[in-house]
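Here are my notes on this one, as numbered points you can check against the coordinates.

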Amino acid sequence: MEEIDSVRFKPLAEDSNFQLTYSADTISIDDGLYNALREDLEADARDFEAPTWSLAVDQQYLKDLSKEDIKRQDVIHELIQTEINHVRMLKLVLGVYVRELRETLQMDETQLERLFPQVYSLLQVHQLFLNHLKQRRIDSLEPGSTQNYCIHRIGDILMAQFSGEIRDRLQYCYGVFCSHHTDAVSFYKDLMQNNKKFQSFIRKVCQMSILRRLGIPEIILLITQRITKYPVLFERVIKYTTVDSEEHRNLVQGLELLKNTISQVNTHVDEFEKAARLRDLSSKLEPKSQVKMTHGRVFRREDMLQGERRLLHEGVLNWRLTSNKSKDVLVLLLSDVLLLLLEKDQRLTFASLDASSDTPEMYEFHTSSGEERKTWRDQIWKAVERCVL
């Protein structure tokens, strides 16, 4: 398998005669300047234009194959076609949107990364995957034929794509992209609402034939969803592969590696969202907010974001103060402390007992259901165990 860093892409043409004029509300983009990119996209799709594998090979060639073999090849063909489409979209992002936003609207790299985080790295790993898949087709061609082929091994490619360094890059890139999905869409909507040049730019660029009206929100969503589309395709290839064969074992292992990769991406997204939530909650506390803890220690607002402190779980619970007195509090389970907050007028304060009350040895909280009680209990015990370790 190729090393990631050795992947090379056909450079997009640098057009010194790039035709561009714009005023506050008009932008003109020359669609004809993207012939090099079109050729690149056509090269990627070459040999996979047919809707199915069984329509791409000679019909006589099919007669020697079983129905299961044909279905397996059709699914592999579909996997490669969808990868071609994904690579195509990533190249359009870089070759059209990023290029035009940079040159036409002078958008800086920070803004471009906010719209399309990690998109270049994503293109690298997906182009690498596509290159391996297409090379396997070439290696599987029947002697003397440029059309007839049957891919007997693909599990090794899937295993390589979702293990080692490539998997690490996939996890990181998709973790970052999916974590910033909401912010990217919000940034786009803000630009559309408040920037007339950007509005005009989007109208013009979406009319380019090469884009087929593929807009930024659709692109962001499709990139976010791509990695979740693989399992069904892998499972269908496994379904039509001989059980107990080396290929079957490789496919099963590849599927497990894929599921683990997706799980790690989901974990990254969850941690990112919880970190953002903790920052938001901290911002709603008064700057000098503090609360007395056990052993006379004081916990201040800024302590919420100190070090590697993380939000593990949160929810509104009923805090039983006395036999006939209680109040609802927002409970935050952090990695090493449990915080009680009160909300009033969209601001937060630390919840505490009256000053005259003695510090209790035990707090009593009530949940709305047994299931919620179990969740809290499990989360707290896990946090305690992590602290002990």
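1. Asn 148 first: this residue is buried, because its relative accessible area of 10% falls under the 20% cut-off. Bear in mind throughout that we're looking at a predicted model. Asn 148 sits in the loop between α6 and α7. Setting aside neighbours within four places in sequence, its contacts are Val 57, Asp 58, Tyr 61, Ser 140, Leu 141 and Glu 142.

2. Beyond the neighbours within four places in sequence, Gln 147 touches Ala 56, Val 57, Asp 58, Arg 137 and Leu 141. Its side chain comes to 2.9 Å from the backbone oxygen of Ala 56, so have a look at that one under the polar contacts, where the limit is 3.5 Å. As for Arg 137, it is 10 residues away along the chain, and the two C-alpha atoms are 9.8 Å apart.

3. Now the whole chain. There are 13 helices and 9 strands, and of the 389 residues 44% count as buried. Taking contacts between residues at least 6 apart in sequence, 70% of them link residues at least 24 apart.

4. On to the sheet. It is an open one of 5 strands, in the order β8-β7-β6-β5-β9, with antiparallel pairing. β8 and β9 (364-366) are the edge strands; each has a single partner strand, so one side of each has no neighbour in the sheet. From one strand to the next the twist averages 50 degrees.

5. Strand β6 (residues 325-334) runs antiparallel to β7 and is joined to it by 4 bridges, with Val 331 opposite Leu 340 of β7. Strand β7 (residues 338-344) is likewise antiparallel to β8, again through 4 bridges; here Glu 343 has Leu 348 in β8 as its bridge partner. β7 and β8 make a hairpin with 2 residues between them, and Asp 345 in that turn has a positive phi of about 55 degrees.

6. Helix α13 (residues 370-388) lies across β5, β6 and β7 and runs at about 115 degrees to β5.

7. α12 also has a helix partner. Helix α8 (residues 164-179) packs with helix α12 (residues 246-283) at an angle of about 40 degrees, the axes being 8 Å apart. That angle makes α8 oblique to α12, and the crossing is right-handed. On the α8 side, the contact residues include Arg 167, Gln 171, Tyr 174 and Val 176; among those of α12 are Asn 260, Gln 264, His 268 and Phe 272.

8. Helix α10 (residues 196-205) has Phe 198, Ser 200, Phe 201, Ile 202 and Val 205 buried. Its N-terminal end is capped by Asn 195, with a side-chain oxygen 3.1 Å from the backbone nitrogen of Lys 197.

9. Last, some backbone angles to check. Most residues other than glycine have a negative phi. Gln 118, though, has a positive phi near 60 degrees; it lies in the loop between α5 (109-115) and α6 and counts as buried, because its relative accessibility is 17%. Arg 212 also has a positive phi, about 55 degrees, without being a glycine. Arg 212 is in the loop between α10 and α11 (216-239), and it is exposed because its relative accessible area is 63%.

Methods. Residues are numbered from 1 along each chain as its sequence is written. This is a predicted model: local features need pLDDT of at least 70, side-chain atom pairs count only at pLDDT 80 or more; totals for chains, interfaces and linings use all residues. Side-chain values use heavy atoms; hydrogens and water are left out. Contact means heavy atoms within 4.5 Å. A polar contact is a pair of N or O atoms within 3.5 Å; within protein, one must be able to donate a hydrogen and the other to accept it, and residues adjacent in sequence count only if both atoms are side-chain atoms. Two strands pair if DSSP finds at least two bridges between them. Buried means under 20% relative accessible area, exposed over 50%, partly exposed in between (1.4 Å probe, protein chains only). Axes are lines fitted to C-alpha atoms, for helices over the stretch in contact, and angles run from 0 to 180 degrees between N-to-C directions. Angles under 35 degrees count as roughly parallel, over 145 as roughly antiparallel, 65 to 115 as roughly perpendicular and the rest as oblique. A crossing is left-handed if the near helix is turned anticlockwise from the far one by less than a right angle, and right-handed if clockwise.
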